[in-house]
Amino acid sequence: MSEIESVKREAFQSRIGFILVSAGCAIGIGNVWKFPYLVGQNGGGIFVLFYLLFLIIMGIPVLTMELAVGRASRKSVVPGYKALEKKGSRWHIHGWFCIAGCYLLMMYYTTVSGWMLAYFLKFINGTFDNIAIAESDSVFSNLLASPMTMGLCMAITVLVGFLVCALGVQKGLEKVSTVIMTALLLLIIILAVHSLTLSGASEGTTFYLFPSIDRVKEQGVGKVITAAMNQAFFTLSLGIAAMEIFGSYMSDKHTLISESINIAAFDTFVALMSGLIIFPACFSFGIRADAGPSLIFLTLPKVFMSMKFGKLWGTLFFLFMTSASFSTEIAVFENLISTSIENFKWSRKKSVLVNCLFIIIASLPCVYGYNILSNVRFFGGKDILDFEDFLVSNILLPVGSLIYLLFCVTKWGWGYDNYIKECNKGKGFKLPKWVKAYFQFVLPAFILIIIIQGLI
C-alpha cells in the first residue's frame with residue numbers, strides 16, 4: 001500500500017481523540033482575549049444566554065454541514081466537494097478558497113502563537129522579576145521591535161507543529177492533541193480556582209457573569225444580540241474547511257449533531273473558564289480588563305507581577321495560552337498536509353516539508369509588520385496582521401460557511417436529503433426533517449447579516 005493510500009484511509013483511533021482534536025482547532029486565542037471581555041461588556045449572563053442560543057441555532061448546524069462533507073466523502077475539501085457535487089457543477093472551486101483561507105490564517109496566527117511562546121519563556125527565565133510593574137509594557141514593545149526574536153519564536157511553533165503532523169493522524173495529531181487538551185483543561189481549572197481565591201475576586205466574578213440590564217441598555221440590545229451572534233458563529237472556525245478534514249477521519253458510530261454539541265460545549269467551557277481566570281484577578285488588583293492583545297501582553301503581566309508567586313502563575317497562564325494556540329496550529333497544518341497529499345499526490349513527508357517551509361516564509365510579512373514593514377498600512381490604517389485577519393474573519397469564514405450551507409441544503413448542491421442522512425447516521429441526537437425550511441431560508445439570512453456587518 002502506498003503512503004498516499006494509507007493516509008487517505010487513516011482515521012481517528014477513538015471518539016475522544018476526534019472530539020479533542022476538533023475542539024483544539026476551535027479553541028484558540030480568541031477564546032481568551034475576546035470572549036470574556038464581550039461577556040463582561042455586554043451584560044454578563046444575558047450575553048452568555050444569547051451566545052448559547054446562537055451557538056445552538058447557527059454555529060452547531062453549520063458545523064454539522066462541514067463535518068458531513070468530510071465524513072461522506074472521506075476526503076479533504078477539494079476532492080470532497082468533487083465526490084459529492086452533481087456532475088458539471090463547480091462547488092469544488094470553493095475548496096480552493098478554503099485552502100487559501102487556511103494558509104492565510106496561519107500566516108498571522110503563527111506570529112501570535114510565537115508571542116505566547118515568547119512570554120512563556122520570559123516568565124520562566126525571570127524577565128518580569130527584574131523590572132517594575134510600570135515598565136512591564138516595554139517587554140511587549142521590545143518583542144515587537146525585534147524581528148529576530150519574533151521570527152525565531154514563530155518558526156519554532158511552525159517546526160514543532162509540522163513535526164507532530166509528520167507522525168500521522170493517530171500517532172501525531174491525535175496523540176499529541178489529546179495530551180495538549182488534557183493539560184489545557186487541567187491548567188485552566190488550576191488557574192481559575194486560584195483566581196477565585198484572590199481577595200476581591202467575587203466582584204470580578206459578579207461583573208463577568210451576573211446578568212446586568214444596565215450594561216445591556218448601555219450597549220443597546222441590538223449590539224448585544226449581534227455581538228453574541230458573531231461570537232457564536234466565529235468561535236468554531238467554520239467556513240475554511242478547518243473542521244471538514246476531521247469529518248473525513250471520524251467514524252460513523254455517532255450522529256454529527258451529537259459530536260458537534262460536544263465540540264461546541266468543550267469550546268464554550270474553555271471560553272467561560274478563561275473569564276474566571278481574568279476578571280477575578282484583574283478586579284483583585286484594580287486593573288482594567290481590556291480586550292485583544294493588550295489584555296494578554298500588557299494587562300495580565302501586571303496582574304501576575306502584583307500577586308504572590310506571580311512568576312509561577314504567569315508561567316502556567318502562558319503555558320495554557322501556548323497550548324491553546326498550538327492545538328489550533330497543528331489542526332490546520334494537518335488540513336494543509338492532507339490537501340497537498342490528495343490534490344498533488346505528494347507523500348506525507350514531502351507535504352510536511354513543503355508546507356512547513358512555505359508557512360515560515362509566508363508568515364514573515366506579519367512578523368516584519370511591527371518593525372521592518374511597520375509603515376505598511378491597508379484601508380482603515382490596518383497593519384499586516386489586522387488586514388490578514390480581516391480577510392479571514394470578515395470574508396472567508398462567513399462566506400465559506402454560507403457556501404457550505406447552500407451546498408448541503410439546496411437542490412443545486414449535494415442536497416438536503418443526502419445531508420440529513422449523513423448527519424443522522426449513528427447513535428445520538430438526530431435532526432428532524434422539519435428543520436429544512438429553517439436551514440434553507442432563516443439560517444442563510446443570519447449568515448448574510450454577519451457578512452454585511454463584517455464588511456461595514
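These are my notebook entries on a predicted model of one protein chain.

**Entry 1: the whole chain**

I started with secondary structure and found 21 helices and 0 strands in the protein chain. Next I checked the radius of gyration, which is 22 Å against the 23 Å that the globule rule gives for 456 residues, so the chain is as compact as a globular protein of that length. The C-alpha trace spans about 65 × 50 × 45 Å along its principal axes.

How much of the chain is buried? I got 60% of the 456 residues. I also looked at contacts with a separation of 6 or more, and 81% of them join residues 24 or more positions apart.

For the surface, I noted an accessible area of about 18100 Å², with 68% of that belonging to carbon and sulfur atoms. On charges, I have 35 positive and 26 negative side chains down, and the centres of the two sets lie 8 Å apart.

I picked helix 13, residues 221–234, and checked its length: 20 Å from first C-alpha to last for 14 residues, close to the 20 Å expected at 1.5 Å a residue. Its buried residues are V224, A227, A228, M229, N230, Q231, A232 and F233. What covers them? My list includes helix 4 (35–41), helix 5 (45–73), helix 12 (213–219), helix 19 (384–409) and helix 21 (436–455).

Then I moved on to A241, which sits in the loop between helix 13 and helix 14 (244–249). A241 has a positive phi of about 65° and is not a glycine. I flagged that because most residues other than glycine have a negative phi. With a relative accessible area of 1%, A241 is buried.

T64 is in helix 5. Buried or exposed? T64 comes out at 0% relative accessibility, so it is buried. Beyond its neighbours within four places in sequence, T64 is in contact with L256, I257, S260, Y419 and C423.

G400 is in helix 19, and at 1% relative accessibility I have it down as buried too. Setting aside neighbours within four places, I found G400 in contact with H94, G239 and I395. I also took a C-alpha distance here: G400 and G101 are 299 residues apart along the chain, yet 9.4 Å separates their C-alpha atoms.

V442 lies in helix 21. At 37% relative accessibility I logged V442 as partly exposed, as the value falls between the cut-offs of 20% and 50%. I computed another C-alpha pair for V442, this time with I57: the two are 385 residues apart along the chain and separated by 10.0 Å.

**Entry 2: K345 and helix 18**

K345 is in the loop between helix 17 (310–344) and helix 18. Is K345 buried or exposed? At 52% relative accessibility, K345 is exposed.

I then followed the chain into helix 18, residues 348–368. Its 21 residues should span 30 Å at 1.5 Å a residue, and I find its end C-alpha atoms 30 Å apart, which agrees. For helix 18 I wrote down these buried residues: R348, S351, V352, N355, C356, I359, I360, A362, S363, C366 and V367.

Note on methods: Residues numbered from 1 in each chain as written. Predicted model: local features only at pLDDT ≥ 70, side-chain atom pairs only at ≥ 80, totals over all residues. Heavy atoms only, no water. Helix = DSSP H or I, 4+ residues; strand = E, 2+ residues; numbered from the N terminus. Rg over C-alpha atoms; globule rule 2.2 N^0.38 Å. Buried < 20%, exposed > 50% of the residue type's maximum accessible area, 1.4 Å probe, protein only. Contact = heavy atoms within 4.5 Å. Areas by Shrake-Rupley, 256 points an atom, 1.4 Å probe, with all protein chains shown as cover. Lys, Arg positive; Asp, Glu negative; His and termini not counted. Charge placed at Lys NZ, Arg CZ, Asp CG, Glu CD. Expected span 1.5 Å × (residues − 1).
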